[in-house]
Amino acid sequence: MKPWNGDVHSVYSPVCIKTAEGYKRKLIGTYPICTQEEAMSSLDAAVAAYNNGRGQWPTMSVADRIHHVEHFTKMMIAQKDIVVKLIMWEIGKSFADSIKEFDRTVEYIYATIDALKDVDRQSSRFEIEQGIIAQIRRSPLGVVLCMGPFNYPLNETFTTLIPALIMGNTIMFKPPKHGTLLFYPLLNAFKECFPKGVVNTIYGRGATIVPELMKSGKINVLTLIGSSKVANELKKLHPKVNRLRAILGLDAKNLAIVTPNADIKLAVSEIVLGSLSFNGQRCTALKIIYVHEKVVDEFLQLLSAEVSKLKYGMPWEKGVTLTPLPEPGKPAYLKECIDNAIANGAKVINEHGGESFESFVYPAIVYPVNKNMKLYREEQFGPIIPVVSYSDVDEPIEYLIESTHGQQVSIFSNDSEELSVLIDPLVNLVSRVNLNCQCQRGPDAFPFTGRKDSAEGTLSVVDALRSFSMRSLVATKMN
Ligand code: G3H
């Protein structure tokens, strides 16, 4: 594909540098933007490579597809240094976390290969029922449009792209707006390792080019890790939406409940990491904390002390947790949330909380949060910890019932009876309940999904293989 038509996008790092006009985001590169025609011709290439399931890739043996993906992974590993640095510069993720993102992705690919070998072994068995002998397989679905998020640009792209690919689908891949350059060192590997038209990368303004891809009706699976608003809008554009499969990881407003029986020190240390790792820019981050009124003062005091210990600085600095934010509008949005909470009776209770400098925002603990505030329902996706005090545990449960989200909950209590009473109602409201620990996606072997607007379909190493394929069978009547 030749996307170059002279139109380029300039990529600015969240890392700011001093210039004559003050601090400015550093320009770290440019990339050519696809025109609509170029995006459509990439789609035609993906459709042709799939060729109604008759293409070289969807008909290739599983062992051969695995071989191609292994080759790709080796080439990817050879580019580790540059990809890690680009993650760090493009999205401001700390160097240590950028390395972790890369390594976790490689482990995920190898785990996917192992899981597929198991699936393939099962497909080589025959089942006999009522005089019919059948080989039950997993077959691909067609063309998969794959879009990852800016916060895990490499990892969450590949947790959908690789399983979709290895199951025999062909791919239309649109990298996230913040997190595009880091895929450049991998383009050659895509080209060298997969037949023509199997992986098609399109660059540029998703809002312009992606809707037309959906309207074409040629996309069989939409996979997006991002906002539910965007996912719903895109789905509606498909002319045969009932034939579109969607595998989506979307918004979340994960909640922690700190009961009067909690180990407050443990709760605080888990909640600090759960709320502020990568500056709170994780769908799995804790985004609202309910603390029992009997322990709320102690909790807030310890929480402020722990937050003040977090190191902020440039992403390459050792031990840094708080780093610059990639989305240019985010500091203003976070300030708006804090101002709105203050106007409705809350306070920022930690020193320097909410102060910002260019793309940095120092974490704010906001208390007491109530229904009238933006922070009560909106997913801040940034370094703010909204705290609500409760007297009856039905209050956080009511919050979840009324919520449009349903990803995860953390409960902190040392009373096993109290925990066991809460588990059942909570696990029926969200998709994962964490006992005395923060919310998170991993380990990647565990199912990752959500209720309501938080997800559609399930991911995990094995679930992803199922999500991007269907069960089919070859059956013969025995005489
Ligand atoms: O942003 C959403 C990610 O799925 C979070 O993953 O819990 O491993 O940081 P994580």
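Me: Where is Glu358 in the chain?
Reply: In this model, which is predicted, Glu358 sits in the loop that runs between β13 (356-357) and β14 (360-361).

Me: And what about phi of Glu358?
Reply: Glu358 is not a glycine, and yet its phi is positive, at about 50°. For comparison, most residues other than glycine have a negative phi.

Me: How would you class the exposure of Glu358?
Reply: Glu358 is partly exposed, because 17 other C-beta atoms lie within 10 Å, and a residue counts as buried at 20 or more and as exposed at 12 or fewer.

Me: Ok, then Ser460: what is its phi?
Reply: Ser460 has a phi near 160°, which is again a positive value in a residue other than glycine. Ser460 is found in the loop between β21 (455-456) and α16 (461-467).

Me: Is Ser460 buried or exposed?
Reply: Ser460 is buried, because it has 23 other C-beta atoms within 10 Å.

Me: Switching to peptide bonds, what is the one from Tyr367 to Pro368 like?
Reply: The bond from Tyr367 to Pro368 is cis, with omega near -10°, and Pro368 belongs to the loop between β15 and α13 (374-377). The bond from Gly442 to Pro443 is cis too, with omega near -10°, and Pro443 lies in the loop between β19 and β20 (451-452).

Me: Gly442 makes me think of the ligand. Which residues are around the ligand?
Reply: The residues around the ligand are Asn151, Tyr152, Glu156, Arg282, Cys283, Thr284, Gln440, Arg441 and Gly442. Sorted by class, this shell has two nonpolar, four polar and three charged residues.

Me: Which domains does that shell draw on?
Reply: The shell takes at least three residues from each of domain 1 (8-250 + 454-470) and domain 2 (254-435).

Me: How far apart are the centres of domain 1 and domain 2?
Reply: The two centres, taken over C-alpha atoms, are separated by 31 Å. Where the domains meet, 18 residues of domain 1 are in contact with 18 residues of domain 2. On the domain 1 side, the elements that give two or more residues are β1 (8-19), β2 (22-32), α4 and α5 (95-123), and the largest share, three residues, comes from β1. By class, that side of domain 1 has nine nonpolar, six polar and three charged residues.

Me: New topic, the open sheet of seven strands. What is the order?
Reply: The order is β12-β15-β16-β11-β10-β18-β19, and the pairing in this sheet is mixed. Its edge strands are β12 (347-348) and β19 (432-435), each of which pairs on one side only.

Me: What does β16 pair with, for example β11?
Reply: Strand β11 (residues 286-292) pairs with β16 in the parallel sense over four bridges, and in β16 the bridge partner of Val291 is Ser389. Strand β15 (residues 364-367) also pairs with β16 in the parallel sense, over three bridges, and there the bridge partner of Val366 is Pro386.

Me: How many residues of β16 are buried?
Reply: Six of the seven residues in strand β16 (residues 384-390) are buried, so the strand is mostly covered.

Me: And which residues touch the most other members in the largest nonpolar core?
Reply: In that core of 79 residues, Cys146, Ala164, Ile171, Met172 and Leu213 touch the most other members. The largest share of the core, seven residues, comes from helix α4 (residues 80-91). Apart from it lies another core, of 49 residues, among them Ala256, Val291, Val388 and Val430.

Me: What does Leu213 touch?
Reply: Not counting residues up to four places away in sequence, Leu213 touches Ala39, Leu43, Leu145, Met172 and Ile219.

Me: Last one: where does Lys311 lie, and is Lys311 buried or exposed?
Reply: Lys311 lies in the loop between α11 (296-309) and α12 (330-343), and Lys311 is exposed, because it has 12 other C-beta atoms within 10 Å. Leaving aside its neighbours within four places in sequence, Lys311 is in contact with Gly319, Val320 and Thr321. Lys311 and Thr323 are twelve residues apart in sequence, and their C-alpha atoms are 8.9 Å apart in space.

How values were computed:
Residues are numbered from 1 along each chain as its sequence is written. This is a predicted model: local features need pLDDT of at least 70, side-chain atom pairs count only at pLDDT 80 or more; totals for chains, interfaces and linings use all residues. Two residues are in contact if their C-beta atoms, placed from the backbone, lie within 7 Å. A residue is near a molecule or strand if its C-beta atom, placed from the backbone, lies within 6 Å of it. Ala, Val, Leu, Ile, Met, Phe, Trp, Tyr, Cys and Pro count as nonpolar, Asp, Glu, Lys and Arg as charged, and the others, Gly among them, as polar. Domain bounds come from an automatic or database domain assignment. Two strands pair if DSSP finds at least two bridges between them. A nonpolar core is a set of buried Ala, Val, Leu, Ile, Met, Phe, Trp, Tyr and Cys residues joined through C-beta atoms within 7 Å.
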